[in-house]
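Q: I'm new to this structure and would like a close look at a single part. Please pick one stretch, go through it slowly, and then show me how the rest of the chain looks around it.

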Amino acid sequence: MEKYFVLCLLLYATAGCFADDLTYLNGFYSKTPQRLSKYSWFGNVRLHHFRVPEDAVLVRWLLTVSRGSGLNCGNQNITVHFRAGAPPVINPIQTAFPNSTSASLAHNLTLIVPSGQSSNVTLFNVTHPKPGDWFLAAHLPKDDGKIEQQGLPSCSYLFQAQMFSRRASDLPILQYNIPLSQTLTASPALFKVFVPEFSSSLDVFISNCSANVGNDCGLSITVGSSTLRQGSEVKQNCSGLKICHASVLIPPWNTWLLVTVETNQPNTSVPFYIAANVTVGCKPLSSSSDFNAAAFIRTIIAPQSNSSGVFGNSSTSAKNQSGLRSNSSEPMCMRSPSVFRDEQDVLSFRYIVSGNNLTVTSDLPTVLALEHSPGDSGGTLVVQLQLNTSSLIGGFARVKACLTPSAPVLQLNRSQTCATGFAQGYTLNVSSSESNALLRIPFPDAENWYLSLQTVCNDSVDCTNASATVSASVSVSACIDECGPYGECRLLRTYNYLYGACVCKAGWQGWGCTDGVSALSYSRQMTAALLLTLSNFFFIPPIIVALYRGYLIEAAIYLFTMFFSTFYHACDQPGVTVMCIMDYDTLQFCDFLGSVVSVWVTIVCMARLQEPIKYLLFMMGTLVISMAMQLDRRGLWNLLGPVLFALVIMVTSWVYRGVKRHQCYPPLWRRWVLFLLPGIVSALIGVCVYVFAQTDSNYYYTHSIWHVMVATSVVFLLPPREKHVPPWGWTNKICSYSRCKNEKVQLYTVT
């Protein structure tokens, strides 16, 4: 009831936020509730993908956290991260990022579910949000390493995100150099302006404002939309100014920008004129209409075939590098080589520059346009630069590169920072002393990216003809360096959106599994592998006991369990101490199946049933357990179900025998004291360790204790051999020898 009241209140508040002459439309978007997990790697987060519509003036997220029916659940913190354009980069456990990796952490919000409440409902507002993709990532605090068994009661939490949007369907459009008359009332005045490609600046002017009281109109201009990052909007206070303007240097290309005008004077009407102007500072020269087949073959086909034919030379002149007409009369202000996009796999592609090597000069920047689609933001953008130190000409100092989204920086040889109007870029430098540069950006924004390069000279020399040759390699991969030797790159999906993340092993952590603060040493890895594998040899005594007492089927099952448990744990090891004799999934299935079937046949054997019934139960139980393991291998009831059913069979059989014989079964007190009680205690210790004591850090010795306790309990619990079965049970199994002997005795008696 509380949730529906919040929904109604939210719709009412949203409808009344912008009561002016514009036409507003509301939208509602909801995601299915998902169970939260404790954080150890990015795969533990619950990622929600929303799309904010164009001309949105307000977005409100309704965040609902519900607690399950856990026992003794205290206060619980839930962290929610927000980011526009790409999944949020987060670091809740404070691990180190890989070298040469640049990451800006996303905005986050902490929700608290008190111990006395079952839910938390929170509203989060973003005014004038950036249109396009928005991502929310929610998770519980750091994983404490406790291995929780499925089926036991625990404190579970469900997270649901719902988005309400309000957009203006008829925003006034600012035409270039055409003043638009407006009157500002209590609510802000909203406009939009289009920024074409190759724009170097955007100016928004306000003039001829009239104040009812005094000469100060109290106006302010905001250009841009909110992304919850610093610098995503440009604001200009126009108080005391009759003519005011807000300027955006290097605005994003091919984009509609929101312009907001507000006043600090309440209950007043302020008429004013507003206009916009865009300056196009630099355009590349027109490309040839003919496709440059020679350059294409030289840069793509020839390197892949390692041929050294007519197109074997990979160098290119400055004119061919820019792909321009030789007879062009337009002034040249930048070089823009052709860039080919080569798709290789899911979230894996590279950008191939025409000519491979770039001649970077000091007079003009070289700009690479990198086409980036929204589906590419789930990977890692990798930029590598390599300087040819033998190609330096003039007063060369270094080659400065600037990687920016939405628009390029075109004056790198000045003191200008590597930043555009709304985004901070990434700087790379190569010089004769440091000829290689590397940059990695996890989850890059879903914008077209631009790599600008220019030669920078020493201050004491003439910088007219300085140049250098640089090899640029730009690619997108699912993970950073495929997560290295101590990690595994996994492709994750939320609805139809794919993204990559590293799951680390052997105690390594971080986005690229490069943080080794808590990494396991080689000796500890070897100790863990030996304990988990050699502890299975404790099944040798149960095998010998079963063979001696004539339980050949049981002995075969124990041998099966020992074999596959040994090699499953040898394959399941983190780090470098790994040995897999077959597919991991097959080993895991056989290990889980053998463990449960061993317990099943042991308890059924203790019931002392007739052999046809016993073997029928063996077969039917094995088939049912196989089906259950295929459905859910880690479910607690996959073990408890067969155990409880087998115990019912055993107790029923024992009660029947006791009633029939008019005495307790088994009848001997020595059987209870020396065998059954030690076996039951060993089994209970093993189960308690397995269910309650296992963590990620102590797994290698607590699970080894489980192996030892289960094997020990089997030795004690296996019933003694039948009276008519000799030791090792051979005589009853060879050519029906016992039956032939009985027939001879009967014949002799009749005669």
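A: First, a word on how elements are named: helices (H or I, at least four residues) and strands (E, at least two) are DSSP runs, numbered from the N terminus. Counted that way, the chain has 12 helices and 30 strands. What you're looking at is a predicted model, where local features need pLDDT of at least 70, side-chain atom pairs count only at pLDDT 80 or more, and totals for chains, interfaces and linings use all residues. Residues are numbered from 1 along each chain as its sequence is written, and side-chain values use heavy atoms, with hydrogens and water left out.

Let's zoom in on Ser565, which sits in helix H6 (residues 552-571). Its relative accessibility is 3%, so Ser565 counts as buried (that is, under 20% relative accessible area; exposed is over 50% and partly exposed is in between, with a 1.4 Å probe and protein chains only). Its side chain makes a polar contact of 3.2 Å with the side chain of Asp591. A polar contact here is a pair of N or O atoms within 3.5 Å; within protein, one must be able to donate a hydrogen and the other to accept it, and residues adjacent in sequence count only if both atoms are side-chain atoms. Skip the neighbours within four places in sequence, and Ser565 is in contact (heavy atoms within 4.5 Å) with Asn536, Asp591 and His707.

Now try Val601, in helix H7 (residues 584-606). Val601 counts as buried because its relative accessibility is 0%. Beyond four places in sequence, Val601 is in contact with Glu554, Ile557, Tyr558 and Phe618.

Stepping back, 47% of the chain's 751 residues count as buried. Of the contacts with a separation of 6 or more, 77% join residues 24 or more positions apart.

How far can you trust all this? The predictor's confidence in each residue, pLDDT, runs from 0 to 100; the chain's mean is 84, and 85% of its residues reach 70 or more. Where pLDDT is low, the predicted coordinates should not be read in detail.
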